[in-house]
Amino acid sequence: MSGFRNYNTAAKNTLKDDFEDWRDSDDYVDEQPPATSVAQRATQMANLIPTTPPRPAGKPAGTAYASYLQKYDQDRQDQPAAEPEGAIPRTVSVSQRVGSFSKPAGTSPAPPPGAVQLPLPAPAKPTKYVPPAQPQPAAPAPSSVSPIRSNPPVAAQTLPARPTINNNPFAQPSAASVAPPPPQPEQPPRPIANNPFLQNQKSPVPTQSDLSVPMMPASSRRTSGGGVAGPSSAAGVGIQSLAQRFPIFSASEISAFQQQFVTVDKDGHNAVHTSDLSSIAPKAGESVQNVVAKLNQLRLVSDAGSVSFESFLTAVSKLREEKGVSVGANKNKIVLHGHSENVTHTINEDEKQSFVEHINQVLGGDKDISYRFPIDMYAMQIFTECKDGLILAKLINDSVPNTIDERVLNIGKKLNTFQMTENNNVVVNSAKAIGCSVVNIGAQDIIEGREHLVLGLIWQIIKMGLQAKIDIKLHPELFRLLEPGETLEEFLKLGPEQILLRWFNYHLKKAGWHRTVKNFSGDVKDAENYTVLLAQLAPNVCTRAPLQTRDILQRAEQVLENADRLHCRKYLSAKTLTEGNSKLNFAFVANLFNNYPGLERLTEAEMAQLDDWLFNSEGSREARAFALWLNSLPVDPFVNNLFDDCQDGLILLQAIDYVRPGLVDWRKVNRAPVPSKFKKVENTNYVIVLGKSLGFTLVGIQGSDITDGQKTLTLGLVWQLMREHVIQTLQSLSKSGVSISDQDIIAWANATVRRGGKASSITQFKDPNLRSGVYLLDLLNGIKKGVVNYELVTSGVSDESAALNAKYAISIARKLGATIFVLPDDIVEVKPKMILTFVGTLMALDRSGTIAA
């Protein structure tokens, strides 16, 4: 404080005390300000102040003082030009007191060469402080900015008139002494990085192209489950702007890094300590040691060890350039890294954008979550929004209606971790129930926002919804696609993709087109086949004019314009069409089929043939449940058709090895691909041998029956294997380790119902009391008191009310963490096999100890 030698001790102490008070307050942030700001302030201080106020020990030169002056500038802009004379009032802001001590002209040392010259006129009064004879109380000077730290009120004093200083950035000149500047065009507000004073001010509403957090309604820019939806406004620069500054990254990559950065930067200061980079650097594919070393080399770390987000991007971009990664390489792919920099996961940017657009369209008007939309397609916001499970649960119900009873979901703008886990249990177990392969994804993965897992789950859910309508029960006219000599049963063994290709080629052939389509990638990327297909489906709206266009990208755009006339422009862009993206092309064709199948209605004779087949395929619901159960195990390949996919015995052997580890001697197994029927029968005979060793009832069943696809015998074998899985799980959880019988499960169920204060009971798994669904709800209430809202439970007398109860019970079981493949119809119709698996799974869940009381 020796530089303020013209001021009395009280004045100097007041300034010093307030500076130190502010420095120790929550408003002070120890961060390195922008370099241009520091240089400018240093030059100005060299010309005006011989000695700057004392800085905190260990802080970079000019850091605290520059931030202090930023606050002062803001105060001065809103402060009146003149102040009453008198002593220093203790109730005014610090910056007002700082402005009172303007240094007299002529005492500043000569500025260094090249310094900015700031002329100082002679003061209007002597600058030596003279206390007034009779201090008069004065009200605080009006200011739009509150004092940095309030002090106890004391007797107010006034200051002597302050001399006018032109071109002084630390003192706001009066309006009378300075001519008004010429009008300037209005500039949009520019965020300032590392400015702690802007963090508590109301920021202007950002534009869609320059958001750190993707644009949503103002009331809804938040995170599912109460976290932070994206970097705070203090981050300063939007994702798109950062992508332009760091072209080696895509916007989605920067968004992913930023989300991880924000989870560590809990104070919202846009800076983290280098020790916290251990959870951020691997996300960018770099070791924390390399990132910190590069930051230090580039001098991007403050003395306190803090690093801004932009500095982090600078270091990682330099490391990538040193590895030879070219700018703009693989902008279509987003490479994300796991907990280790050596583990990488790649997601497709085009697919992410398409799936987010789909979600915006189908869920944007949902009564519970509409406030979250639209979700930014170009950022990574979707993974944050999915954390609480609500969007995924709603998406499942959009794809396969009535899968989830939404009454069991935890709804709200801010859910805790336990509530999010319950919702995601419903999501994961419901996804399994509709046929999604979710072996390696759990509730915690969704909460943590594992991008590749969440995006893969989203695609499977969307795909299930698209192909659910490729069903002969919904479109009997699919009968038209049978080839000469082919039976309906053989045709329906085809998967959805094969049926769509058959449908595509059917219309190309009717149009007299010379080409055929064998895949959804290379065969459609030139857009010619799409041109002919659309013209065939809607000749009055679409033409073959795009065939005359030589530029493929332009032709693709014309095809999509034709699709738009049919209201079917979805999933594809001209870019993804010509690149041959198989997922998006499949989605485009499936959506086209669902809206414009273009197949002739069946005759009465054809409908009668179809009805006979549907009547004889009554066991398909049970087969579906068994196939879903097999898919919940780590078996490969995925089971689409139970009877066909089990013919070589490999799926069944994998399931046996999972249920009874070590029982299968894989040296005796013919591995895939099994070359002949004889080798397949060898495998299925081995399945029968192992089944008998497990005590299965397999009288009259031979391996050849499984290989030949005998439905009744295959269902009997798979059911016993599924039951053994439940029994083994229960036995492993029992203290004695003794075998569990059906009666043991029933006894446990009745005791658990009584534990919940209910009196219902059953004697067997085909007890008619099970039909209403009330008993199963009482059982769930016994497992966890209060989990059932009995205001939602009906009497279950009618089929409709019983189905509502059954649906409610299934969704509650999934919410608790049970993997359930039972359908409401199985409960209403009292299917004993399916009800046994339902109750047995609940018993295993109860004994596992994973359910909180």
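Visitor: In which helix does Asn750 lie?
Guide: This is a predicted model, in which local features need pLDDT of at least 70, side-chain atom pairs count only at pLDDT 80 or more, and totals for chains, interfaces and linings use all residues. Residues are numbered from 1 along each chain as its sequence is written, and side-chain values use heavy atoms, with hydrogens and water left out. Helices (H or I, at least four residues) and strands (E, at least two) are DSSP runs, numbered from the N terminus. Asn750 belongs to the run of residues 742-755, which is helix α28.

Visitor: Is Asn750 buried or exposed?
Guide: Buried means under 20% relative accessible area, exposed over 50%, and partly exposed in between, with a 1.4 Å probe and protein chains only. The relative accessible area of Asn750 is 11%, so this residue is buried.

Visitor: With which side chain does that of Asn750 form a polar contact?
Guide: Contact means heavy atoms within 4.5 Å, and, not counting residues up to four places away in sequence, Asn750 touches Ser760, Ser761, Ile762 and Tyr775. A polar contact is a pair of N or O atoms within 3.5 Å; within protein, one must be able to donate a hydrogen and the other to accept it, and residues adjacent in sequence count only if both atoms are side-chain atoms. At 2.7 Å, the side chain of Asn750 has such a contact with that of Tyr775.

Visitor: Which backbone oxygen does the side chain of Ser399 reach?
Guide: Ser399 is in helix α11, residues 390-399, and is buried, with a relative accessible area of 9%. Leaving out residues up to four places away in sequence, Ser399 touches Ile461, Ile462 and Gly465. At 2.8 Å, the side chain of Ser399 reaches the backbone oxygen of Ile461.

Visitor: How far apart in space are Ser399 and Ala468, C-alpha to C-alpha?
Guide: In sequence, Ser399 and Ala468 are 69 residues apart. In space, their C-alpha atoms are separated by 7.9 Å.

Visitor: What distance separates the end C-alpha atoms of helix α14?
Guide: The expected span of a helix is 1.5 Å times one less than its number of residues. Helix α14 (residues 451-467) has 17 residues and should therefore span 24 Å. The model agrees, as the end C-alpha atoms are apart by 24 Å.

Visitor: How many of the 17 residues of α14 are buried?
Guide: The buried residues of α14 include Trp459, Ile461, Ile462 and Gly465. Helix α14 is largely enclosed by the rest of the structure, because the number of its 17 residues that are buried is 12.

Visitor: Why is the pair of Trp503 and Phe593 edge-to-face?
Guide: Rings of Phe, Tyr and Trp (its six-membered ring) pair if their centres lie within 6.5 Å; planes under 30 degrees apart count as stacked, over 60 as edge-to-face and the rest as tilted. The structure holds 9 aromatic pairs. In one of them, the centres of Trp503 and Phe593 are 5.4 Å apart, and the pair is edge-to-face because the planes lie at 85°.

Visitor: How many residues apart are Trp503 and Phe593?
Guide: Trp503 is in helix α16 (residues 496-510) and Phe593 is in helix α20 (residues 582-595). Both Trp503 and Phe593 are buried. Their pair links distant parts of the chain, with a separation of 90 residues.

Visitor: At what angle are the planes of the rings of Phe626 and Trp719?
Guide: Phe626 lies in helix α22 and Trp719 in helix α27 (residues 711-733), so this pair ties together parts that are 93 residues apart in sequence. Phe626 and Trp719 are both buried. Their ring centres are 6.5 Å apart, and the pair is stacked because the planes are at 20°.

Visitor: The charged end of Lys463 sits over the ring of which residue?
Guide: A charge sits over a ring if NZ of Lys or CZ of Arg is within 6 Å of the ring centre and within 35 degrees of the ring normal. Phe355, Trp459, Phe520 and Phe586 form one aromatic cluster. At 5.4 Å from the ring centre, the charged end of Lys463 sits over Phe586.

Visitor: What is the phi of Arg299?
Guide: Most residues other than glycine have a negative phi, and most peptide bonds are trans. Arg299 lies in the loop between α7 (288-297) and β2 (306-308), and is exposed, with a relative accessible area of 76%. Although Arg299 is not a glycine, its phi is positive, at about 55°.
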